[in-house]
Each structure stands twice: as C-alpha cells, then as structure tokens.
Amino acid sequence: MSLWTLSERLRLRSPGRIKYDKVRQMELLLQPERIIELNEAAGAILRLCDGQRTIEQIIEELEAKYGQSGLKDDIVEFCAVAAEKGWLELCR
C-alpha cells in the first residue's frame with residue numbers, strides 16, 4: 001500500500017461483489033467458487049471501494065459515519081491486505 005497515494009481510487013476486482021446476507025446478518029464478499037464472511041468494518045470499507053471514491057474520501061466517509069478520527073492507518077492496512085488477496089484493484 002505504500003506505493004499508493006490517498007488520491008487513488010480502488011474498486012472490487014471483477015467479478016467479485018458484496019452482498020448482505022440477512023440470515024447470517026453479515027456482509028459477504030462473493031467471488032467465483034468462494035464466499036468470504038466479512039466483519040462490519042471490512043464490509044463498510046469494501047462497499048465504498050467503488051472506483052469513484054479516492055482512498056482519502058473512503059477514510060473521511062468512514063470517520064464521519066462512525067464518529068471517530070484516526071482510522072487512516074487501519075483502513076489503508078486493510079486495503080493493502082485486500083489487494084494482496086485479490087479482492088481490490090486500482091482504477092487506472
């Protein structure tokens with residue numbers, strides 16, 4: 001993630017998509033032949049990775065939503081791990 005700037009935009013790697021499972025009451029990341037159960041924070045971050053928002057906008061939105069500051073490092077770290085796992089990609 002250190003190579004990324006906060007002005008870059010992330011999106012879910014195709015054909016992945018996020019779905020809320022009412023039975024399990026949790027966000028799921030659906031990928032070919034895989035279903036990843038996400039905690040609330042992971043689901044909130046991935047839902048905002050739509051290719052339209054910058055990393056900085058995602059941080060600002062989540063800090064406002066949860067009434068917290070200082071979430072930058074956690075969000076950036078999660079995005080780096082998600083990219084390593086092939087869940088996210090940069091919009092070019």
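This report describes a helix pair, a sheet and some loop residues in a predicted model.

## Basis of the description

Residues are numbered from 1 along each chain as its sequence is written, and side-chain values use heavy atoms, with hydrogens and water left out. Because the model is predicted, local features need pLDDT of at least 70 and side-chain atom pairs count only at pLDDT 80 or more, while totals for chains, interfaces and linings use all residues.

## The sheet

Strands β2, β3 and β4 form an open sheet in the order β2-β3-β4, with antiparallel pairing; strands are DSSP runs of E with at least two residues, helices are runs of H or I with at least four, and both are numbered from the N terminus. Two strands pair if DSSP finds at least two bridges between them. The edge strands, each pairing on one side only, are β2 (17–21) and β4 (34–38), and the twist from one strand to the next averages 30 degrees.

Strand β3 spans residues 26–31 and is joined to β2 by five bridges, the two strands running antiparallel. Lys19 has Leu28 in β3 as its bridge partner.

## Loops around the strands

In the loop between β1 (9–12) and β2 lies Pro15, which is joined to Ser14 by a cis peptide bond with an omega of about 10 degrees.

The loop between β2 and β3 holds Gln25, a residue other than glycine whose phi is positive, near 55 degrees. Gln25 counts as exposed because its relative accessibility is 62%; exposed means over 50% relative accessible area, buried under 20%, and partly exposed in between, with a 1.4 Å probe and protein chains only. In the loop between β3 and β4 is Glu33, which also is not a glycine and has a positive phi of about 65 degrees. With 85% relative accessibility, Glu33 counts as exposed.

## The helix pair

Helix α2 (residues 55–66) and helix α3 (residues 72–84) have axes that come within 10 Å and cross at roughly 125 degrees. That makes α2 oblique to α3, given that angles under 35 degrees count as roughly parallel, over 145 as roughly antiparallel, 65 to 115 as roughly perpendicular and the rest as oblique. The axes are lines fitted to C-alpha atoms, for helices over the stretch in contact, and angles run from 0 to 180 degrees between N-to-C directions.

From α2, the residues Ile55, Ile58, Ile59, Leu62 and Glu63 meet Lys72, Ile75 and Val76 of α3, where contact means heavy atoms within 4.5 Å. The residues of this contact divide into six nonpolar, no polar and two charged.

Technical notes: Ala, Val, Leu, Ile, Met, Phe, Trp, Tyr, Cys and Pro count as nonpolar, Asp, Glu, Lys and Arg as charged, and the others, Gly among them, as polar.
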